[in-house]
Amino acid sequence: MTGVTRPAAETEGMTDVELAARLRMTLGRLSRRVRQYGPRTLTSSQASTLSSLEALGPVRLGDLAAHEGVSAPTQSRLVASLEAQALLRRTPDVDDRRATLLEITPEGRSQLERLRTERSAFLVERLGTLSPEQRAALVAALDVLESLAASPGD
């Protein structure tokens, strides 16, 4: 990991465009590495859908699609695949009997937990390779990264 770290003097003269490109590439690479770990039973899109259902609670398909940033037909296909695996279920909307709500099942929660545990174990292993200075820099950078990840108005 030390071969990837650049001296502060080298990064100080970076333009915002260069910094954005480096950040995007690094986060993308780390995200791909993390997604490689864990049970291979869920695609990234399926895991994202289940995570959203877990966070949102029972929700209509259109609202879930909007939250996920995908079209309703795409979300419908994902939902069908997760429903076939009994990882989510449809329930009647008590406010509008014509509509259904989607909710995560206990098995869906279990799958997500296994996935998160495996992926966290990978990161724990990688964190163990950091020097104390690198670890401190990472901790300091987390607030900034969380700020960048927040939606406007959060």
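Which residue in S2 stands opposite Arg 90? The section on the strands gives the answer.

## Overall make-up

This is a predicted model. The protein chain contains seven helices and two strands.

The C-alpha trace of the protein chain spans about 65 × 30 × 20 Å along its principal axes. The radius of gyration of the protein chain is 19 Å, whereas a compact globule of 154 residues would have one near 15 Å. Of the 154 residues in the protein chain, 23% are buried. Among contacts with a separation of 6 or more, 52% are between residues 24 or more positions apart.

## The two strands

Strand S1 covers residues 88–93 and strand S2 covers residues 96–104. The two strands run antiparallel and are joined by six bridges.

## Helix H4 against helix H5

Helix H4 is made of residues 61–68, and helix H5 of residues 72–84. Their axes come within 9 Å and cross at roughly 105°. Angles of 65 to 115 degrees count as roughly perpendicular, so H4 is roughly perpendicular to H5.

On the H4 side, the residues that meet H5 are Leu 61, Leu 64, Ala 65 and Glu 68. On the H5 side, they are Ala 72, Gln 75, Ser 76 and Val 79. Sorted by class, this contact of H4 with H5 has five nonpolar residues, two polar residues and one charged residue.

## Helix H3 against helix H5

Helix H3, residues 44–56, also packs with H5. Here the axes are 10 Å apart and the angle is about 85°. That angle makes H3 roughly perpendicular to H5.

Which residues in H3 meet H5? They are Ser 45, Gln 46, Thr 49 and Leu 50. Their partners in H5 are Gln 75, Leu 78, Ser 81 and Leu 82. By class, the contact of H3 with H5 has three nonpolar and five polar residues, and no charged residues.

## Helix H5 in both contacts

Gln 75 in H5 takes part in the contact with H4 and in the contact with H3. H5 is roughly perpendicular to H4 and roughly perpendicular to H3.

Definitions and conventions
Residues are numbered from 1 along each chain as its sequence is written. This is a predicted model: local features need pLDDT of at least 70, side-chain atom pairs count only at pLDDT 80 or more; totals for chains, interfaces and linings use all residues. Side-chain values use heavy atoms; hydrogens and water are left out. Axes are lines fitted to C-alpha atoms, for helices over the stretch in contact, and angles run from 0 to 180 degrees between N-to-C directions. Helices (H or I, at least four residues) and strands (E, at least two) are DSSP runs, numbered from the N terminus. Angles under 35 degrees count as roughly parallel, over 145 as roughly antiparallel, 65 to 115 as roughly perpendicular and the rest as oblique. Contact means heavy atoms within 4.5 Å. Ala, Val, Leu, Ile, Met, Phe, Trp, Tyr, Cys and Pro count as nonpolar, Asp, Glu, Lys and Arg as charged, and the others, Gly among them, as polar. Two strands pair if DSSP finds at least two bridges between them. The radius of gyration is taken over C-alpha atoms; the globule rule is 2.2 Å times the number of residues to the power 0.38. Buried means under 20% relative accessible area, exposed over 50%, partly exposed in between (1.4 Å probe, protein chains only).
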